[in-house]
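Hi,

Here is the structure I promised to pass on.

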Amino acid sequence: MLYQKLLVGADSYFFNVGRSRAFELHCHPEIELSYCYRGSYNIIADDREYTLSQGDLFIVNPLVPHELGSRVTEDCLCLTIEVGPAFLG
């Protein structure tokens, strides 16, 4: 499992808009919000699989092992935000 470095200082958050793609099992101390803008994709969190479709928001709590699965529709567009403790501080 991949352990990501804590987001701190000026980099206390991460923001990405794009097509979802598979990402290996990992965890981090940030809260992760994953919003499906269009299409669908799957997330596996804490050994349970979820399918997100247009308009769905999925929240991953800190230190919960999760991965982005490989079941992604061609038209998929998603927004991912990770918010670190320093940002919420």
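A polar contact here is a pair of N or O atoms within 3.5 Å; within protein, one must be able to donate a hydrogen and the other to accept it, and residues adjacent in sequence count only if both atoms are side-chain atoms. This is a predicted model, so local features need pLDDT of at least 70 and side-chain atom pairs count only at pLDDT 80 or more, while totals for chains, interfaces and linings use all residues. Residues are numbered from 1 along each chain as its sequence is written, and side-chain values use heavy atoms, with hydrogens and water left out.

I started with Asn-42, which sits in strand β5 (residues 40-45); strands are DSSP runs of E, at least two residues, numbered from the N terminus. Asn-42 is buried, because its relative accessibility is 4% (buried is under 20%, exposed over 50%, partly exposed in between, with a 1.4 Å probe and protein chains only). A polar atom of the Asn-42 side chain lies 3.5 Å from the backbone nitrogen of Ser-70, and the side chain also makes a polar contact with that of Glu-49, at 2.7 Å.

Glu-49 has another partner: its side chain forms a salt bridge with Arg-71 (2.2 Å, N to O), where a salt bridge is a side-chain nitrogen of Lys or Arg within 4 Å of a carboxyl oxygen of Asp or Glu.

Best wishes

Conventions: Helices (H or I, at least four residues) and strands (E, at least two) are DSSP runs, numbered from the N terminus.
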